[in-house]
Each structure stands twice: as structure tokens, then as C-alpha cells.
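These entries record what I looked up in the structure. I began with the way two of its elements are set against each other.

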Amino acid sequence: MKQWQLHFPVKVMSQLFSVSRSGFYAWLGRKPSQRAQEDERLKVAIKAAHKRTRETYGVRRLQPELAADGFVAGRDRIAHLRRELGLRCRQKRKFKTTTISNHSLPVANNLLNQTFTPSAPNQVWVTDITYSAPRLGISRGAYSWNARRKEGLNLPALRCGRA
């Protein structure tokens with residue numbers, strides 16, 4: 001009601017929300033509850049601890065940090081206040097190299113030379129080697145490259161997409 005009192009009459013809103021006008025005005029003049037004041041102080045401490053820990057601590061690691069600063073609170077309360085503040089921990093992913101370009105193995109020539117318009121069928125064949133861990137021995141897709149990459153295509157994978 002407070003945010004809409006400039007646009008609508010308080011009398012109409014109080015009837016709509018079943019609230020007395022005097023109760024609304026008493027609420028406007030009242031100071032925040034003790035819990036609300038504690039939440040505001042805790043929010044400031046959460047922001048400071050979040051910055052201090054390089055934004056990497058979640059609720060479980062943040063709770064002892066706050067307790068060391070004198071702010072004892074449960075994990076659910078801390079999680080709720082972090083959501084209100086829009087704080088999320090930054091998760092660092094370990095860099096994983098997927099391509100080994102420094103090797104002495106032979107490299108095939110680029111015969112296609114980025115020309116993807118063949119003039120007749122069966123002139124150009126292309127493929128993609130996508131490595132994915134098969135679940136329960138079942139290959140996902142039409143072709144399955146052999147794990148050792150020595151024997152070529154895994155022919156059982158061509159039958160109904162199963163290995």
C-alpha cells in the first residue's frame with residue numbers, strides 16, 4: 001500500500017485489502033522490528049564476507065566466517081538473505097585441454113578446402129569426431145569412434161544406434 005498510495009486513495013486500498021486506515025498509518029510510523037534490524041546488519045556482514053572470500057564461498061563455508069565475525073545465524077537464514085541480495089558464489093572451473101596440437105603424428109591434408117558444394121553425389125564425405133562417454137555401453141548417434149582410435153568406426157554402433 002505504501003508504494004501505491006500516490007496513485008490510489010488509501011481509503012480504497014484499505015477496504016480492498018481489509019486493513020484499517022489507522023492500522024496502515026500506525027505501521028508507517030513504526031520502526032522496523034528487531035528481526036528486521038538484525039537482518040539488515042546481517043546483510044551488511046554477508047556482503048562484506050562475500051567480497052572478502054572473493055565471492056567463492058557458499059552458505060556452508062560462509063556460516064563459520066560470519067560466526068567468527070560475531071554474526072551467529074542458521075544456514076537457511078543466510079541462504080534466504082543471500083537470495084534477497086542476489087549474491088551467488090563464483091565457481092571456478094579447472095581448465096581442461098581438449099586438443100593436443102603439439103604432436104608428431106601425421107595430419108591429413110585439407111582436400112575439401114572449405115568447398116561444401118559437391119557437383120555430384122558421393123564426391124565428398126565429412127564426419128565429426130565428438131568424444132562423449134557412452135552410458136552403459138550404449139552409443140548415442142549413428143557412428144561411434146573406437147576408444148583406441150586405431151580400428152576406425154565401431155560397426156555394431158551402426159545397427160540401430162547400439163553398441
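Entry 1. I examined how H3 and H4 are oriented in this predicted model. Their axes approach within 10 Å and cross at roughly 115°. Angles of 65 to 115 degrees count as roughly perpendicular, and H3 and H4 are therefore roughly perpendicular to each other. I also noted the hand of the H3 and H4 crossing, which is right-handed.

Entry 2. I then looked up the largest nonpolar core, which has 13 residues. The members that touch the most other members are Leu-42, Ile-46, Leu-62, Leu-66 and Ile-78. At least two residues of this core come from each of helix H3 (34-52), helix H4 (59-68) and helix H5 (75-85). H3 gives the most, with four residues.

Entry 3. Which residues does Leu-62 touch, leaving aside those up to four places away in sequence? I found Ile-46, Ala-49, His-50, Tyr-57, Ile-78 and Arg-82.

Entry 4. I turned last to the chain as a whole. I recorded five helices and zero strands, in the order α-α-α-α-α from the N terminus on. Of its 163 residues, 18% count as buried. The chain exposes about 14,600 Å², and carbon and sulfur atoms supply 53% of that area. Among contacts in the chain with a separation of 6 or more, 37% involve residues 24 or more positions apart.

Conventions: Residues are numbered from 1 along each chain as its sequence is written. This is a predicted model: local features need pLDDT of at least 70, side-chain atom pairs count only at pLDDT 80 or more; totals for chains, interfaces and linings use all residues. Side-chain values use heavy atoms; hydrogens and water are left out. Buried means under 20% relative accessible area, exposed over 50%, partly exposed in between (1.4 Å probe, protein chains only). Contact means heavy atoms within 4.5 Å. Accessible areas come from the Shrake-Rupley method with a 1.4 Å probe; for residues, only the protein chains shown count as cover. A nonpolar core is a set of buried Ala, Val, Leu, Ile, Met, Phe, Trp, Tyr and Cys residues joined through side-chain atoms within 4.5 Å. Axes are lines fitted to C-alpha atoms, for helices over the stretch in contact, and angles run from 0 to 180 degrees between N-to-C directions. Angles under 35 degrees count as roughly parallel, over 145 as roughly antiparallel, 65 to 115 as roughly perpendicular and the rest as oblique. A crossing is left-handed if the near helix is turned anticlockwise from the far one by less than a right angle, and right-handed if clockwise.
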